[in-house]
Amino acid sequence: MKSIAVYCGANAGADEVYAEAARAMGRALADHGIRLVYGGGNVGLMGTIADAVLAAGGQVTGVIPQQLVDRELAHPGLTELFVVRDMHERKALMAQRADGFIAMPGGMGTLEELFEMLTWSQLGIHSKPVGLLNVGGFYDQLVGFLGHAAHEGFIKPQHAGLMKVAADPHTLIQLLQ
Ligand code: AMP
């Protein structure tokens with residue numbers, strides 16, 4: 001795997017543990033020689049992980065819609081930054097540039113991006129791995145809910161394992177590989 005798209009919060013979260021996890025994820029990507037593909041912003045966990053990859057000598061591709069260049073403070077120091085027309089182009093280009101996908105703690109935007117990649121995988125639109133970095137149990141209820149949906153017959157058994165889950169970056173990268 002040469003690149004991974006990481007979806008994460010445009011906010012830093014209420015606990016320092018989330019920023020620390022973003023730094024650890026960034027260092028792990030650089031250690032593995034994996035390029036970070038992300039939303040291109042310099043806010044919240046997005047900015048933190050980009051800075052961590054760059055500080056560790058890694059490479060970062062940002063993809064940001066024109067209308068978010070100011071709101072999400074397009075990162076000035078990336079290896080490459082694509083400014084695209086809208087959210088659809090952003091998601092398509094990120095998906096195309098990445099060999100796998102990881103969601104870290106985040107809000108609705110992060111969840112939307114995670115589930116798009118999971119449902120595209122389910123439909124066979126791509127066959128790239130998808131992982132969830134479950135920092136400090138942040139996603140326990142989501143993982144539990146997906147188990148419930150599978151138990152109730154709304155997620156097929158063969159799709160239940162599409163999302164790999166781990167609490168630390170190195171384990172998650174290994175699961176995706
Ligand atoms: P959030 O998890 O809500 O903090 O958002 C994280 C990132 O997802 C931010 O860069 C948002 O601009 C982005 N985002 C929010 N909604 C969408 C969407 N529908 N499609 C693609 N990206 C989105």
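## Notebook: the ligand shell and a few residues

I began with helix α4, which gives five residues to the shell around the ligand, the largest share. The model is predicted, so I note the limits: local features need pLDDT of at least 70, side-chain atom pairs count only at pLDDT 80 or more, and totals for chains, interfaces and linings use all residues. Residues are numbered from 1 along each chain as its sequence is written, and side-chain values use heavy atoms, with hydrogens and water left out. Helices (H or I, at least four residues) and strands (E, at least two) are DSSP runs, numbered from the N terminus.

**Entry: the ligand**

I looked up the residues around the ligand. There are 16, and the closest are A10, E72, G107, G109 and T110.

Next I checked polar contacts. These are pairs of N or O atoms within 3.5 Å; within protein, one must be able to donate a hydrogen and the other to accept it, and residues adjacent in sequence count only if both atoms are side-chain atoms. A backbone N or O atom of A10 lies 2.8 Å from an oxygen atom of the ligand. For G109, a backbone N or O atom is 3.0 Å from a ligand oxygen. E113 uses its side chain: an N or O atom there is 3.0 Å from a nitrogen atom of the ligand.

How much of the ligand does the protein cover? It covers 80% of the 490 Å² of accessible area that the ligand has on its own. Accessible areas come from the Shrake-Rupley method with a 1.4 Å probe; for residues, only the protein chains shown count as cover.

Which elements give two or more residues to the shell? They are α3 (87-97) and α4.

**Entry: helix α3**

I then read along α3. R90, K91, L93, M94 and A95 are buried there. Buried means under 20% relative accessible area, exposed over 50%, partly exposed in between (1.4 Å probe, protein chains only). D86 caps the N-terminal end of α3, with a side-chain oxygen 3.2 Å from the backbone nitrogen of H88.

**Entry: K128**

I found K128 in the loop between α4 (108-122) and β6 (130-133). Not counting residues up to four places away in sequence, K128 touches A95, Q96, A98, D99, G100 and F101. Contact means heavy atoms within 4.5 Å. The side chain of K128 has a polar atom 2.7 Å from the backbone oxygen of A98. I also checked Q96: K128 and Q96 are 32 residues apart in sequence and 10 Å apart in space, C-alpha to C-alpha.

S121 is in helix α4. S121 counts as buried because its relative accessibility is 15%. Leaving out residues up to four places away in sequence, S121 touches H126 and L162.

L142 lies in helix α5 (residues 140-151). L142 is buried because its relative accessible area is 18%. Beyond its neighbours within four places in sequence, L142 is in contact with L111, L114 and F115. L142 and Q158 are 16 residues apart in sequence and 18 Å apart in space, C-alpha to C-alpha.

**Entry: L73**

My last stop was L73, in the loop between β3 (60-65) and β4 (80-84). L73 counts as partly exposed because its relative accessibility is 48%. I noted its phi, near 50°, a positive value in a residue other than glycine.

Methods
Near = heavy atom within 4 Å.
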